[in-house]
Amino acid sequence: MASSNIRYGKGVSREIGMDLQNLGARNVCLMTDKNLSRLPPVKAVLESLTKNGVNYKIYDNVRVEPTDSSFKEAISFAKNESFDVYVAVGGGSVIDTCKAANLYACHPDADFLDFVNAPIGRGKPITGTVKPLIAVPTTAGTGSETTGVAIFDYEPLKAKTGIASRAIRPTLGIVDPTHTLSMPARVAANSGFDVLCHALESYTALPYNQRSPYPPNPINRPAYQGSNPISDVWSRHALNVVAKYMKRAVRDPEDLEARSSMHLASVFAGIGFGNAGVHLCHGMSYPIAGNVKTHTAKGYSVEHPLVPHGLSVVLTSPAVFNFTAPMCPERHLDAAEILGADIRQVKREDAGAVLADVLRQFLFDLQVEDGLGAVGYSKDDIPALVKGTIPQERVTKLSPREHTEEDLAELFEASMKLY
């Protein structure tokens, strides 16, 4: 099991300047995005740095849903300065970009694809050390402050991929619930769907003792190991919190209890999936986000077409869990019950249909777009979506049910319309 150190509490960002002093930081790289750089979370962190006399430089050119070229731009900024500590203030896009910048600045001779997951990259193990990284998450979603994963769009293939290694895990995650109050409602919804799917996918993933092949050396053991007794505790708990608080957190931005709870649920699910992994919803989401044509996302200040990550993940969830349920029906029923279904009279063979119905209702209540068709896709796009899912074997092979390209095509087709 691996996870970052986490500090949680209202106002804890005020301590970050002291943390950096305690680390002996002389030259800090603070990464964020253009929008956040004007908002209270970044101001709070900068005040703490200034108050404690910490020398820093800001990089605010992070792209929401990063690409290989936006990663490379941040890497080149990091390589040009000799930073000794990194601070990321933002959502998953910012934290992931900062992880990559830190990694490649500390491995200046590495080719960009060396550490990128196979089959797109070479998937080499990271043997050198990286500098300390403090992550200050401002969304309640990715759980990136707890994991050694950095995700980006690889533009040449129009597919998402990433770097996955315990070596790039943040040293410390500072989880300050006041930061989530600056999230617009749709950002809260989409980042919450990421928490929901992290919890559901890690809880239903292929069990760790059925994953193969056995790594020849512990350094080759993947970050994502399959469902396991420790991850199960975190994933189930995250699911309970989502069931209780997510709708409130989306509907009332001032509801500090609900937004704080979702911020913690994001951490809990991050510890769960950061060790167990995710499977088909995430594997299929990468081409959905990567092949976006014209869809504009409400609540996001970006210039480019965008299907936000959490939305791209959750749109296939009813079809996916209907498909995977026969392999572990008890877990699917357990999840359905946590999300509000009455399962007393339900047969095991109906587990998938019941969980799919609960998810559809949850999405409908939160005014989610009506399937892939509503974000610009049609049946003609299915071959490209399947092709973009094939390289995601790091996650798709953790599906509890084996699948063919035809199965994937059927899952995409079933996700074109939800209601």
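E330 is partly exposed, with a relative accessible area of 46%; here buried means under 20% relative accessible area, exposed over 50%, and partly exposed in between (1.4 Å probe, protein chains only). This is a predicted model, in which local features need pLDDT of at least 70 and side-chain atom pairs count only at pLDDT 80 or more, while totals for chains, interfaces and linings use all residues. Residues are numbered from 1 along each chain as its sequence is written, and side-chain values use heavy atoms, with hydrogens and water left out.

The partner of E330 is R348: the two form a salt bridge whose closest N and O atoms are 2.7 Å apart. R348 lies in the loop between α11 (329-338) and α12 and E330 in helix α11, so the pair ties together parts that are 18 residues apart in sequence. Helices (H or I, at least four residues) are DSSP runs, as are strands (E, at least two), numbered from the N terminus.

A salt bridge is counted when a side-chain nitrogen of Lys or Arg is within 4 Å of a carboxyl oxygen of Asp or Glu. By this criterion, the structure holds 21 salt bridges. Side chains of opposite charge can pair when their charged atoms come close.

A further pair joins the side chains of D381 and K293, with 2.8 Å from N to O. D381 counts as buried at 15% relative accessibility, whereas K293 is partly exposed at 41%.

E257 and R248 also meet through their side chains in a salt bridge, at 2.9 Å from N to O. E257 is partly exposed, at 44% relative accessible area, and R248 is partly exposed as well, at 34%. Elsewhere, salt bridges link D111, D114, R122 and K124 in a network.

Turning to the nonpolar interior, a core is a set of buried Ala, Val, Leu, Ile, Met, Phe, Trp, Tyr and Cys residues joined through side-chain atoms within 4.5 Å. The largest such core has 68 residues, of which F193 and L196 touch the most other members. Helix α5 (residues 185-204) supplies the largest share of this core, nine residues. Another core, of 19 residues, lies apart from it and includes I16, V89, V136 and I174.

Leaving aside residues up to four places away in sequence, L196 is in contact (heavy atoms within 4.5 Å) with L239, V242, V314, L339, L359 and F362.
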